[in-house]
Amino acid sequence: MTALVIIDWVLFVLIALSVLYVLVFALSAAVARWCRSSKVETPLGYAEFQPPYFLIIIPAYKEDLVIRDTVEAALQLNYTAGGGAQMYGYSAPLGYQICVVADHMNPETISWLSSKPVSVVEATYADSTKGKALHAAVSSCYNPDVHTHVVVLDADNIVLPDFLQRLASYCLSSDVVALQAHRTAKNMSTPIAMLDAISEEINNSVFRLGHNTLGLSSALIGSGMCFRAEWFADAVQHLETAGEDKELEHTLLFEGHKIHYLNDLYVLDEKVSDSRNFGQQRRRWLAAQFFTFKQMLKDLPAAIRNGRIDYIDKTFQQMLIPRSLLIALCSLLSLVSTILACQMRRYNGEIKWWVMLAVLVVALLVAIPRYLYNRQMLRALLSLPLLTVRMVGSLLHVRGATHNYIHTEHSA
């Protein structure tokens with residue numbers, strides 16, 4: 001009986017740390033929304049300054065189905081910065097250059113891209129990763145005398161015409177090295193896509209808006225990211241894995257830079273529409289999380305000595321139980337503890353597990369933006385058990401996913 005109680009409490013404490021972490025930052029995000037303080041940084045007017053000149057990098061690995069819409073949207077950006085644009089053959093003084101890394105793309109797609117006012121970098125890596133694509137783009141397109149900032153978009157991202165105009169206001173602050181825009185769903189047509197959209201908004205609440213509201217760095221998300229060009233050009237030289245956003249976070253936070261989250265600046269992102277792609281995507285994320293945690297542990301003592309609070313928080317964040325598993329574990333242990341309480345008179349630990357499950361549910365509900373509360377959300381929740389199984393399966397197959405790109409397929 002003593003051994004059972006010890007195991008019970010060890011599991012409870014470990015799970016409670018993850019649940020309370022989610023709860024604290026979900027509540028912080030909810031307060032920020034309620035106070036309408038979503039703009040973490042007050043944008044600066046840039047009329048009297050030299051506007052930023054952006055290099056937009058779009059890594060595209062087998063993305064023939066979606067890249068055209070993304071490029072067309074990027075070409076509609078309403079932003080000018082004067083000087084330097086003519087060297088790329090643009091008919092107007094645009095304040096940005098688009099660089100598409102076409103990795104394993106069809107010749108027809110490459111031909112179409114070449115007909116547009118974009119720079120095309122062709123690649124056929126044996127082991128493709130986004131980090132390699134970013135390195136290729138910087139090597140081919142980055143000009144330190146022209147580009148002041150780099151924007152990274154995924155091949156399925158859509159940005160609105162005023163995206164760069166609004167982003168430029170934030171880039172002028174001298175202490176801003178990294179910015180993360182609000183990535184949100186552009187499709188919620190299937191229960192899986194809806195659940196993926198909900199998951200993304202929970203992440204936005206907990207790991208971005210909630211963190212910035214309490215003075216901590218936002219997490220990066222892989223796209224909709226903006227960096228000071230000089231810093232980024234150096235950082236991409238050291239990327240090693242398929243989890244390039246985690247590696248960039250590692251470098252930023254260890255150097256003491258703050259990652260700012262722009263909750264009111266949107267990037268539309270295509271959500272996965274089937275459970276297989278959902279599992280593949282999570283496998284890639286889990287592999288990156290495990291690898292990053294091992295890397296960050298090595299530098300943790302130095303970060304503690306230097307007072308890098310953001311770095312310490314990020315290291316702890318990598319230890320957290322993935323949310324799908326957290327839901328599964330709390331539900332399972334609540335049921336198991338209830339059965340044990342019925343079978344063993346001396347065991348009465350079921351109440352704390354049901355309270356834990358209730359706290360987790362409340363935290364997740366608080367983190368979900370109000371606009372997602374609808375019938376479609378209820379239907380999507382029915383897919384949760386299947387996706388939890390996929391998540392467990394992902395844990396068993398993370399080996400090999402760290403240094404190899406796992407492609408998320410798109411629907412035609």
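Predicted model: local features only at pLDDT ≥ 70, side-chain atom pairs only at ≥ 80, totals over all residues.
Student: What share of the contacts joins residues 24 or more positions apart?

Tutor: Among contacts with a separation of 6 or more, residues 24 or more positions apart account for 79%, with contact meaning heavy atoms within 4.5 Å.

Student: Switching to the surface, which residues form the nonpolar patch?

Tutor: The patch is formed by Val-5, Trp-9, Val-13 and Leu-17, which together have about 350 Å² of accessible area. Patches are made of residues with over 30% relative accessible area and no salt bridge, like charges being joined within 9 Å and nonpolar side chains (Val, Leu, Ile, Met, Phe, Trp, Tyr) within 5 Å. Trp-9 is found in helix α1, residues 2-34, and counts as partly exposed because its relative accessibility is 46%.

Student: Why might residues three or four places apart point the same way?

Tutor: An α-helix has 3.6 residues a turn, so residues at that spacing point the same way.

Student: OK, salt bridges next: how many are there in the whole structure?

Tutor: A search of the whole structure finds 13, each one being a side-chain nitrogen of Lys or Arg within 4 Å of a carboxyl oxygen of Asp or Glu. One of them pairs Glu-244 with Lys-130, whose closest N and O atoms are 3.7 Å apart. Glu-244 lies in helix α8 and Lys-130 in helix α4 (residues 130-141), so this pair ties together parts that are 114 residues apart in sequence.

Student: Are those two buried or exposed?

Tutor: Both Glu-244 and Lys-130 are buried.

Student: And which residue does Arg-166 pair with?

Tutor: Arg-166 forms a salt bridge with Asp-264, with the closest N and O atoms 3.2 Å apart. Because Arg-166 lies in helix α5 (residues 163-171) and Asp-264 in strand β8 (residues 259-269), the pair ties together parts that are 98 residues apart in sequence. Arg-166 is partly exposed, with a relative accessible area of 31%, whereas Asp-264, at 12%, counts as buried.

Student: How many residues of α5 are buried?

Tutor: Helix α5 is mostly covered, with seven of its nine residues buried, including Phe-163, Leu-167 and Tyr-170.

Student: What does Lys-258 meet?

Tutor: The side chain of Lys-258 meets that of Asp-310 in a salt bridge at 3.0 Å, N to O. This pair links distant parts of the chain, since Lys-258 sits in the loop between α8 and β8 and Asp-310 in helix α10, 52 residues apart. Lys-258 is partly exposed at 29% relative accessibility, while Asp-310, at 13%, is buried. Elsewhere, salt bridges that share partners join Lys-130, Asp-154, Arg-183, Glu-200, Glu-244, Asp-269 and Lys-271 into one network.

Student: At what angle do α8 and α10 pack?

Tutor: Helix α8 (residues 244-254) and helix α10 (residues 309-319) pack at about 150°, with their axes 8 Å apart; axes are lines fitted to C-alpha atoms, for helices over the stretch in contact, and angles run from 0 to 180 degrees between N-to-C directions. On the α8 side Glu-249, His-250, Leu-253 and Phe-254 meet Asp-310, Tyr-311 and Lys-314 in α10.

Student: Last one, where is Val-120, and which residues does Val-120 touch?

Tutor: Val-120 lies in strand β3, residues 119-123, and is partly exposed at 25% relative accessibility. Not counting residues up to four places away in sequence, Val-120 touches Val-100, Ala-102, Ile-110, Leu-113 and Ser-114. Val-120 and Ala-102 are 18 residues apart in sequence and 6.8 Å apart in space, C-alpha to C-alpha.

Conventions:
Residues numbered from 1 in each chain as written. Heavy atoms only, no water. Areas by Shrake-Rupley, 256 points an atom, 1.4 Å probe, with all protein chains shown as cover. Helix = DSSP H or I, 4+ residues; strand = E, 2+ residues; numbered from the N terminus. Buried < 20%, exposed > 50% of the residue type's maximum accessible area, 1.4 Å probe, protein only.
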